[in-house]
Amino acid sequence: MAFRLALDTMGGDYGPGEIIPAAIYALKKHHDLELQLVGLEDVIKPRLAQLTPELSIRAQVIHAPEVVAMDEAPSSALRNKKKSSMRVAIEQVKKGQAHACVSAGNTGALMAISRYILKMLPGIDRPAICTTIPGINNHTHILDLGANVDSSAEQLFQFAVMGAELTGAVENIVSPKVGLLNVGTEENKGNDQVKQAAALLSNSHLNYIGFVEGNHIYSGYADVIVCDGFVGNIALKASEGVAEFFSHHVSSEFKKNLYGKLASVVSMPILKSIRRKTDPRRYDGASLLGLRGIVIKSHGRADRVSFAHALEEAMLEVEKNIPARITSKLEALLTRN
């Protein structure tokens, strides 16, 4: 099948300077990919001058005169930026002109505009941000990562359904293991929302394995970890901070003296292997689940490598038809219950 993706070319900290090279790389790698580069035409077109005629056919430029700033209030972007690159890209999905939208722009604005334009799937109250993180033996999908700072038990249950369907599809797992993030694994631990969500999950046909703690996030113990956006965002940002802390001190120790420099030469192949496996750029592309369309959020600081991975995540979700799978699963669960 051919994949048509609408890109918010102006989004992110680096904008067209990194997004367009990522787009060109993706076009060269995937011959079944068509891209709609949405943004300021006079900025985009000169950067596409290097494209061959064959690639140019698959790269359409759609002019959008406005840009949503990274620090702009979502309400302002929704009301006042009706011709922004972000909104026009999402509208391409709504009109059926694109299979998915990919943006590195303002997360709150992307969520607000996507929800307004695309609407929610039946049976889903709120969208959730889901991303892939590396584990010891496999990958783990965790949601929500910041779309909702206070979620009810029913909404946590909906997150679990969406996360399980996404994970099952993209990881080829028949029955993904779903865990609920908590302050302990005992049944009496946690707040009321978590306890009530656990009861809903226990009585469902999902493969619910119970409460998991923060140390389980990277262990691969669960295929899907569910939490509200307040907790999930803090957990993710804390993880990023730990990774930067570890990287800084390892680098400092190797540079400290001659013995450290010699040790770095010997251990370099191992360090490169670890860096490759844990490189956050390889896991870029968070899904905005629950919408009547596919929207992928790339990291605001995404470079061309990161954004290219976000494009591939979008292609995978289009291929697996994730929104339809979520709707079908919810309908089946409601019928059984």
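The model is a predicted one, and its charged side chains number 37 positive and 35 negative, with the centres of the two sets lying 4 Å apart.

In secondary structure the protein chain comprises 12 helices and 11 strands. Its radius of gyration is 21 Å, close to the 20 Å that the globule rule gives for 337 residues, and the chain is therefore as compact as a globular protein of that length. The C-alpha trace spans about 65 × 60 × 35 Å along its principal axes. Among contacts with a sequence separation of 6 or more, 71% join residues 24 or more positions apart, and buried residues make up 50% of the 337 in the chain.

Ile-90 belongs to helix α5, in which Ser-85, Met-86, Arg-87, Val-88, Ala-89, Gln-92 and Val-93 are buried along with Ile-90. Because eight of the 10 residues of this helix (residues 85-94) are buried, α5 is largely enclosed by the rest of the structure. Beyond its neighbours within four places in sequence, Ile-90 is in contact with Cys-101, Leu-110, Ile-113, Ser-114, Ile-117 and Leu-118. Just after α5, Gly-96 takes a positive phi of about 80 degrees.

The backbone also deserves attention at several other points. Most residues other than glycine have a negative phi, and most peptide bonds are trans. Leu-143, however, is joined to Asp-144 by a cis peptide bond with an omega of about 5 degrees, and Asp-144 is found in the loop between β6 (139-143) and α7. Lys-119, although not a glycine, has a positive phi of about 70 degrees; this residue is found in the loop between α6 (107-118) and β5 (128-134), and its relative accessibility of 40% means that Lys-119 counts as partly exposed. Asn-172, also not a glycine, has a positive phi of about 55 degrees and is placed in the loop between α7 and β7 (177-181). With a relative accessible area of 62%, Asn-172 is exposed, since the cut-off for that class is over 50%.

Notes. Residues numbered from 1 in each chain as written. Heavy atoms only, no water. Contact = heavy atoms within 4.5 Å. Buried < 20%, exposed > 50% of the residue type's maximum accessible area, 1.4 Å probe, protein only. Helix = DSSP H or I, 4+ residues; strand = E, 2+ residues; numbered from the N terminus. Rg over C-alpha atoms; globule rule 2.2 N^0.38 Å. Lys, Arg positive; Asp, Glu negative; His and termini not counted. Charge placed at Lys NZ, Arg CZ, Asp CG, Glu CD.
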